[in-house]
Amino acid sequence: MFVIPSKSFICLLAILAGFVLGLASPSQADEAGLRSLIGQFSTGSGFSDTEKTIDDIAGYSDEAAVPLLRALADGTLMILRTDRTVVIAKEMASGFVLNDPLSLEKIGEGVAADLDKIKIKNSLRRKITDAIASMTLSAPRPKVRLKAANDILNRPDVALLEAVEIALSVEKDSAVSSALSAAKAAIILDSDRDEAEKLDAIKTLASKGGRDVATLLSRYQATTNSVTLQAAAQEAMVQINETLAMWQVGQNIWYGLSLGSVLLLAAIGLAITFGVMGIINMAHGEMVMLGAYTTYAVQEVIRNSAPGLFEYSLLIALPSAFLVSGAVGLAMERGIIRYLYGRPLETLLATWGVSLILQQTVRTLFGPSNKEVGNPQWMSGAFQVGEMLITYNRLWIMVFCLLVFALLLFILKRSSFGLQMRAVTQNRPMASSMGIRTPWVDAFTFALGSGVAGIAGVALSQIDNVSPNLGQSYIIDSFMVVVFGGVGNLWGAFVGAFTLGIANKFLEPYAGAVLAKILILVAIILFIQKRPRGLFALKGRSVEA
């Protein structure tokens, strides 16, 4: 049975429908209103009209309008002569790419003759900056508000004091609130507020800390005429500088650990070959170089054949680099080195000759210039820990270094091949008499060390230039790590690499990069005079003999 709805029910439906439409329509209305205001740029006749349009757009407090205001300040907001459409025009080699000022989507291309630039002056640029700051302070995303607060802290403007106070009164995020408090304090120092408020502002800035705050207080101390405020600023700067000095120690330790992980990756393969076989392999750096060029080749194949796999390019390059460098190392041992055991000088000269051949081969195949190896997205960028800057590529290299070290320890301590390697290291004649095929242990040990050098090249390709001379930058440092830590001892290489890395980074600010390395070398020479076998000397009849 069909029932006609009552009038009250119909009214209720109408109210609900209006409520839903009211929720859905503001964004569309706001966009339409913004586009109408943007269109005023094409009808205005002077700076006063442009200023009025900027004020009207700022009144919307819509984050979507920020890019177009930045484009206006940068001089890239232009007008198409054909239909007077306002666009963001980005200059390219062949002309201009035209983007929508709100959606930022590409809407076409043009040339300079098709466009009229919207002219502004310095006072309008300051107004735009203030408008952007006010709009971003009320943005829905905390990251945007935090950036806006930090921008104001670095460039305080008295005109923004009221906007900052309003934003601070409603802010819920603790990090943004702290940044807003510091921004307010920085503005107060430039304002005509009384001395008591400025003293409180200095205390707030002192608790905030940071290099930017120290610079701001130093500038303020030089400009203020108040002896009280000068003393307070000086005291705050002393407090901030003491904190910064502590963070600098932490930053140096991080740089040292980062350098140490690179040295360990470059030296760990040499620690294996030098320790087990006693071979001074001057071509070890070229094994690192081969790994880096393998990474470049893998990325080129992926770029041309499967661009979607680029984020996984390093994971694909790791086994490839290990196999390439390991195969070259195995060929070296079987073809040259096995005939030169017991003749260290001839081995040194032969491997040096191989290193020159490998360098020239790479120059012939890839050219002498540096090659670009891209960083995947997960290895790009950096983040702050207090006043320390930590880059993702260095962080991942350190993680990778520790994983490689743990894997090699497992191979040496838990596998039959590792047991044979240790047996040959400690007493070669006894190992041979027990049925261990020492020539093949030598061959595969050399291949393992070369393969590890290859995967070190994968990591180094992310932080260094990939060139035929890449390995030469690390061969001396690798020998220093191995000799200092103890020949053939992985833990010695581990401790040695990180010790030398940290020591080097603490010396560099005072002595410079070159002199710091010389001082480290002198220190190692003096250390070897006291402990010829390094920090962790291997034990065994053969070694002791």
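Tutor: A helix here is a DSSP run of H or I with at least four residues, and helices are numbered from the N terminus. The model is predicted.

Student: Where does Arg 84 lie, and what is its phi?

Tutor: Arg 84 sits in the loop that runs between strand S1 (77–80) and strand S2 (86–92). Its phi is near 60 degrees, which is positive although the residue is not glycine. Most residues other than glycine have a negative phi.

Student: Why is Arg 84 called partly exposed?

Tutor: Its relative accessibility is 36%. Partly exposed lies between the 20% limit for buried and the 50% limit for exposed, so Arg 84 counts as partly exposed.

Student: What makes Thr 347 count as buried?

Tutor: Thr 347 has 3% relative accessibility, and the cut-off is under 20%; therefore Thr 347 counts as buried. This residue belongs to helix H13 (residues 344–366). Leaving aside residues up to four places away in sequence, Thr 347 touches Ile 279, Ile 280 and Leu 340.

Student: How do you know that Lys 106 forms a salt bridge with Glu 109?

Tutor: The closest N and O atoms of Lys 106 and Glu 109 are 3.0 Å apart. The rule asks for a side-chain nitrogen of Lys or Arg within 4 Å of a carboxyl oxygen of Asp or Glu, so the pair qualifies. Both Lys 106 and Glu 109 are exposed. By this rule the count is 14 salt bridges.

Student: What makes Arg 193 and Glu 197 a salt bridge, and how exposed are they?

Tutor: Their closest N and O atoms are 2.9 Å apart, and the limit is 4 Å. Arg 193 has a relative accessible area of 26% and Glu 197 one of 29%, so each is partly exposed. Arg 193 and Glu 197 also belong to a network of salt bridges with Glu 165 and Lys 184.

Student: Where do Arg 303 and Glu 300 lie?

Tutor: Both are in helix H11 (residues 284–305), three residues apart, about one turn of the helix. An α-helix has 3.6 residues a turn, so residues three or four places apart point the same way. Arg 303 forms a salt bridge with Glu 300, with 2.9 Å between the closest N and O atoms. Arg 303 is partly exposed at 31% relative accessibility, and Glu 300 is partly exposed at 26%.

Student: Why are H19 and H20 called oblique to each other?

Tutor: Helix H19 (residues 490–511) and helix H20 (residues 513–530) pack at about 135 degrees, with axes 8 Å apart. Roughly perpendicular ends at 115 degrees and roughly antiparallel starts over 145, so H19 and H20 are oblique. Their crossing is right-handed. The contact includes Leu 500 and Leu 507 of H19, and Leu 519 and Ile 524 of H20.

Student: How do the residues of the contact of H19 with H20 divide?

Tutor: They divide into ten nonpolar, one polar and two charged. Among those making the contact are Asn 504 and Glu 508 of H19 and Lys 517 of H20.

Note on methods: Residues are numbered from 1 along each chain as its sequence is written. This is a predicted model: local features need pLDDT of at least 70, side-chain atom pairs count only at pLDDT 80 or more; totals for chains, interfaces and linings use all residues. Side-chain values use heavy atoms; hydrogens and water are left out. Buried means under 20% relative accessible area, exposed over 50%, partly exposed in between (1.4 Å probe, protein chains only). Helices (H or I, at least four residues) and strands (E, at least two) are DSSP runs, numbered from the N terminus. Axes are lines fitted to C-alpha atoms, for helices over the stretch in contact, and angles run from 0 to 180 degrees between N-to-C directions. Angles under 35 degrees count as roughly parallel, over 145 as roughly antiparallel, 65 to 115 as roughly perpendicular and the rest as oblique. A crossing is left-handed if the near helix is turned anticlockwise from the far one by less than a right angle, and right-handed if clockwise. Contact means heavy atoms within 4.5 Å. Ala, Val, Leu, Ile, Met, Phe, Trp, Tyr, Cys and Pro count as nonpolar, Asp, Glu, Lys and Arg as charged, and the others, Gly among them, as polar.
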